Amino acid sequence: MFSLEREIEELRPSLGDARTGALLARERREVFSLHPELRVAAWAGAMLLASAAGLVLKNNLDRIGPVALSTLLGLAALACYAFAWRAAQPRDRATAQPISDYILLLGALLLSADVAFIETQFHLLEHHWPRHFLFLAIAHGVGAYVYRSRMLLSLSITALAAFMGIERSKLRFISDLTIPALLCSGLLIAWRQLHAVILSRADGEGPPAQFLRIFEHFAANLALGSGLFLLSKDETFFPGCMMTLAFAAIVTAWGFKHRVESFVLYAFVYAVIAADALVLRYIAASSFVVLVSVIAAIATLIVIHRRFHERRT
Amino acid sequence: MNAEHERALALRELTELPIEVPWRAYGIFVQIVFFVLTCAGLIALYELSDSSGILTGVLALVLAEWLIGARRWYRTGVESALWIGGLLACITELPRTGKPEALLIVAAAFAIAGARVRNALFGAIAAGFVMHYTEAKWDAGVLAALIMATIALVALCRTWQRPSTEWLWSAITVLLPIAGYAEADAPWRTTTITLYALFGTIAFIAAIPKRHHAMFFATMSGFAIAAIELAREIPIALEAKLAIGGALLLTISLLVSRRLRDRKTGFVTTEEKLPAIDIAVTLAIAPQTPEVAAGPERGGNFGGAGASGSF
């Protein structure tokens with residue numbers, strides 16, 4: 001067992017009595033949180049139940065029938081949402097946390113499975129079947145705001161990206177995904193701005209501030225990825241590399257401005273991929289070039305990391 | 001890096017105070033990026049040297065030692081990749097015999113690299129190769145995995161000066177039972193169930209008084225694997241088994257949460273990061289925090305207050 005009791009005690013003048021006490025209690029295991037274990041168990045439980053629901057749909061269609069199955073699944077999803085709603089009330093919040101997050105996720109996954117099942121069985125949208133993703137994006141988006149859930153927001157954005165990717169490109173070539181990815185990124189930036197405006201004008205409990213970072217992560221990755229999609233075709237290879245490098249520069253600048261290192265980090269990774277692809281294709285495809293580029297990348301990342309922390313302190 | 005500096009680094013991460021540590025160390029995501037980049041560079045160097053493992057290995061190890069000794073790199077990802085990459089490059093020069101003993105050579109490479117750069121994951125991978133060797137040699141992979149995990153569990157009960165030593169035992173305790181499960185055979189199912197249930201019980205008995213996350217996760221993995229194997233023996237539909245398992249996990253989580261409701265000491269269910277956030281807020285209010293310097297590097301490998309030793 002590792003303990004920093006002695007060092008924490010020595011830092012008491014810097015930390016203050018209250019913080020020192022809290023940290024010492026943690027080191028001595030006088031306070032021990034089972035939060036991570038409960039989260040993992042609840043997540044595993046939710047995933048097992050969602051998998052079971054998928055198998056029930058697959059294996060029991062003939063025996064039970066589509067109407068009964070979709071109704072059952074809908075009711076199960078509703079029960080999960082109801083549980084999460086009850087758990088979100090102040091009286092029960094302490095009891096059900098952190099489990100209610102995963103029961104809510106289970107409800108959302110069951111809803112997604114149910115909507116997809118209904119579409120495959122009854123063909124309500126016919127040739128416009130990808131629009132069921134749009135319905136899910138809206139449903140999960142509403143759920144995210146009602147339950148203040150980041151997980152539901154992530155599901156909503158994923159469904160939106162799936163809708164835009166399939167609806168607009170029909171998935172013929174990977175490079176066809178560039179425009180939908182850019183559009184989706186732009187849409188997310190707009191959504192983020194709207195969220196920020198509502199947040200700034202809210203009196204009391206407004207929409208969750210943590211949502212902003214989720215929009216930013218998805219928007220940045222979609223924009224960066226949109227350039228890489230172009231690398232799959234010869235004629236768009238060069239513009240794809242340049243586009244990725246340009247977006248990487250924007251995301252890096254944004255990361256520096258807002259002091260979020262993760263953005264700087266993955267913008268750098270995307271930039272390295274694009275730069276290496278460019279060099280290997282147009283200059284020389286040799287081990288020596290790879291070695292030099294790796295050394296250059298490591299040196300650059302060290303400088304970026306140092307500058308980032310210099311600005312932060 | 002001596003134990004004092006390792007502890008200072010752990011203290012800086014815990015308290016977020018500007019504690020000076022004379023080593024270059026990065027967060028986990030930066031480490032992963034550096035590790036992958038360095039591995040790519042080593043592969044390129046291997047190709048460039050006409051697949052000369054010795055040349056690549058020696059260059060990598062010399063560079064790693066220079067970075068550690070002269071530049072004081074620790075937990076950057078680069079020195080770890082150079083050490084393990086260098087040793088594995090050297091191993092490629094050995095004649096291929098197809099004997100299971102080759103696994104022990106790879107295990108030794110991971111153990112040496114892990115010990116040098118204090119990487120717990122390398123240590124756990126080394127233990128994994130030893131486990132795989134016992135499976136190849138004596139068909140006793142599961143047993144070896146659980147014995148090593150139990151030894152690590154016992155080791156976790158004593159006090160360690162270095163956080164990296166603690167992480168090594170934690171990694172072996174949690175990962176080895178899961179790795180060992182890959183070697184479980186159907187004819188030995190009853191034995192597998194018994195062994196994993198026994199391991200889960202031992203881990204749980206240790207976890208309650210010791211209050212260690214690795215012990216609780218080992219408990220969970222032990223019982224989960226025993227339950228998966230047990231479920232194979234029960235003749236009901238797979239979806240029913242999944243549903244029962246999922247419902248059981250959610251119910252247990254809920255009951256534990258309910259039981260620990262409103263508790264402020266002992267076992268609680270509040271998020272662990274809260275104290276750190278609390279500290280950050282305090283620092284933001286009172287920005288004049290004195291810099292606390294870790295002591296100069298001394299001869300010993302660990303031990304504050306003048307103590308010294310290997311671990």
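Visitor: Which residues does I8(A) touch, not counting residues up to four places away in sequence?

Guide: This is a predicted model. In it, I8(A) touches L15(A), T20(A), L23(A), L24(A) and E27(A), plus L11(B) and L14(B).

Visitor: Which residues touch the most other members of the largest nonpolar core?

Guide: I8(A), F34(B), L37(B) and W83(B) do, in a core of 57 residues. Helix α15 (residues 287–312) of chain A gives the largest share of this core, eight residues.

Visitor: Why is L124(A) called exposed?

Guide: Its relative accessible area is 63%. Exposed means over 50%, so L124(A) qualifies. L124(A) is found in the loop between α8 (99–122) and α9 (131–147) of chain A.

Visitor: What makes the nonpolar surface patch of about 480 Å²?

Guide: V67(A), F122(A), L124(A), L125(A) and W129(A) make it. Patch residues need over 30% relative accessible area; the 63% of L124(A) passes that cut-off.

Visitor: How do you know that the span of helix α14 of chain A agrees with its 22 residues?

Guide: The expected span is 1.5 Å times one less than the number of residues. For residues 261–282 that should be 32 Å, and the end C-alpha atoms are 31 Å apart, so the two agree.

Visitor: Which residues of α14(A) are buried?

Guide: Among them are F263(A), Y266(A), Y270(A), A274(A) and L278(A). Buried means under 20% relative accessible area.

Visitor: Where is M243(A), and what is M243(A) in contact with?

Guide: M243(A) is in helix α13 (residues 237–258) of chain A. Leaving aside neighbours within four places in sequence, M243(A) contacts T178(A), L182(A), S226(A), G227(A) and L230(A).

Note on methods: Residues are numbered from 1 along each chain as its sequence is written. Chains are lettered from A and ligands numbered from 1 in the order in which they are written. This is a predicted model: local features need pLDDT of at least 70, side-chain atom pairs count only at pLDDT 80 or more; totals for chains, interfaces and linings use all residues. Side-chain values use heavy atoms; hydrogens and water are left out. A nonpolar core is a set of buried Ala, Val, Leu, Ile, Met, Phe, Trp, Tyr and Cys residues joined through side-chain atoms within 4.5 Å. Buried means under 20% relative accessible area, exposed over 50%, partly exposed in between (1.4 Å probe, protein chains only). Helices (H or I, at least four residues) and strands (E, at least two) are DSSP runs, numbered from the N terminus. Contact means heavy atoms within 4.5 Å. Patches are made of residues with over 30% relative accessible area and no salt bridge: like charges are joined within 9 Å, nonpolar side chains (Val, Leu, Ile, Met, Phe, Trp, Tyr) within 5 Å. Accessible areas come from the Shrake-Rupley method with a 1.4 Å probe; for residues, only the protein chains shown count as cover. A salt bridge is a side-chain nitrogen of Lys or Arg within 4 Å of a carboxyl oxygen of Asp or Glu.
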